[in-house]
Amino acid sequence: MAIRLGPNQYGKAEVRVVAVDRSRPAHTLVDLDVSTSLRGDFTAAHTAGDNGHVLTTDTQKNTVFAFARDGVGSPEAFGLRLARHFAGRHDWISGARVAVESYGWDRITVGGRPHDHAFRRDGGEVRTAVVTVDGDDVHVLSGLHDLVVLKTTGSEFWGFPRDEYTTLAETRERILATAVTARWRHLGDDLDWDDAFDGVRTTLLETFAATHSLALQQTLYAMGEAVLQRFPAVAEVRMSMPNRHHFLQDLSAFGLDNPDVVYHADDRPYGLIEGVVLRDDVPPAEAAWQATPGFC
Ligand SMILES: O=c1[nH]c(=O)c2[nH]c(=O)[nH]c2[nH]1
């Protein structure tokens, strides 16, 4: 029986880097969580403890901080800089994956004016980017998670099959709420990343709001479809959307009716609706998604 090393990668996970630009009176701030992974010929390290090919994870961490010294830019641009640097560093390194989470900060308003150097975390929403450099191939995924949205009407759910275990009532009026996780794959690697991100995020929000929903599945598809229609350079959108159920609370014990006014926001269990919306004339790129779990 022969035993051999299979696929492997290594790097520094979750380098928390905060970069402040103080060049103007109104400071700006970038707050990132960066994870690097290298791929290539690291067999000797695994089988013989020979570290001759091991660009240490400590060096990878230091590189992240050093690259932040003169400005970070968008998460995608920072990921591309790092991934290209690592992938070209030694001939035994064939590729690199850099995943970035970006946390937003808003200025605190003081006396009606945005403060120059005091900030407040802008809620739980996180912007993400995953860059993979694999030889000459470059893949960029942009994304977000914890984009929490809710609509108070324009959502129905009926027409589903019933069996002996079905208790759910059909409804023509319900609250629809979810926390969107989405990642989308770009066909190019040279864009105005902030502009592209804002456009897709706005499209996701507008479509959630505007779609009269007969199921969260339908809303998910409509959101992905709208992104692909508006942005020809987006190849596919992967989404994961928990159905944050809001159940009408029974107030009859108190002699009260409840005409769609009072709900119990249940936290679990929750429906989990996940899907990919893609162009059928674009070749798949599984390398872009390797080691990015969380989707079907
Ligand atoms: O939009 C929905 N999709 C479902 O699949 C489902 N299942 C369920 O119980 N409620 C809902 N709502």
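## Ligand shell

The shell around the ligand comprises 4 nonpolar, 3 polar and no charged residues (nonpolar: Ala, Val, Leu, Ile, Met, Phe, Trp, Tyr, Cys and Pro; charged: Asp, Glu, Lys and Arg; polar: the others, Gly among them). Its members are Phe157, Leu168, Ala215, Leu216, Gln217, Asn243 and Gly271, a residue being near a molecule if its C-beta atom, placed from the backbone, lies within 6 Å of it.

The model is predicted: local features need pLDDT of at least 70 and side-chain atom pairs count only at pLDDT 80 or more, whereas totals for chains, interfaces and linings use all residues. Residues are numbered from 1 along each chain as its sequence is written.

## Helix 5

Leu216 of the ligand shell also belongs to the buried residues of helix 5, together with Thr219, Leu220, Met223, Gly224, Ala226 and Val227 (buried: 20 or more other C-beta atoms within 10 Å of its own, C-beta atoms being placed from the backbone). These residues lie on the same side of helix 5, because they cover an arc of only 155 degrees around the axis, taken from the directions from the helix axis to the C-beta atoms. They pack against strand 6 (176–186), helix 4 (193–210), strand 7 (234–243) and strand 10 (271–278), with contact defined as C-beta atoms, placed from the backbone, within 7 Å. Helices (H or I, at least four residues) and strands (E, at least two) are DSSP runs, numbered from the N terminus.

## Domains

An automatic or database assignment divides the chain into domain 1 (1–135) and domain 2 (143–296). The contact takes 15 residues from each of domain 1 and domain 2. On the side of domain 1 that touches domain 2, strand 4 supplies the largest share, 8 residues.

Definitions and conventions: Two residues are in contact if their C-beta atoms, placed from the backbone, lie within 7 Å. A residue is buried if 20 or more other C-beta atoms lie within 10 Å of its own, exposed if 12 or fewer, and partly exposed in between; C-beta atoms are placed from the backbone.
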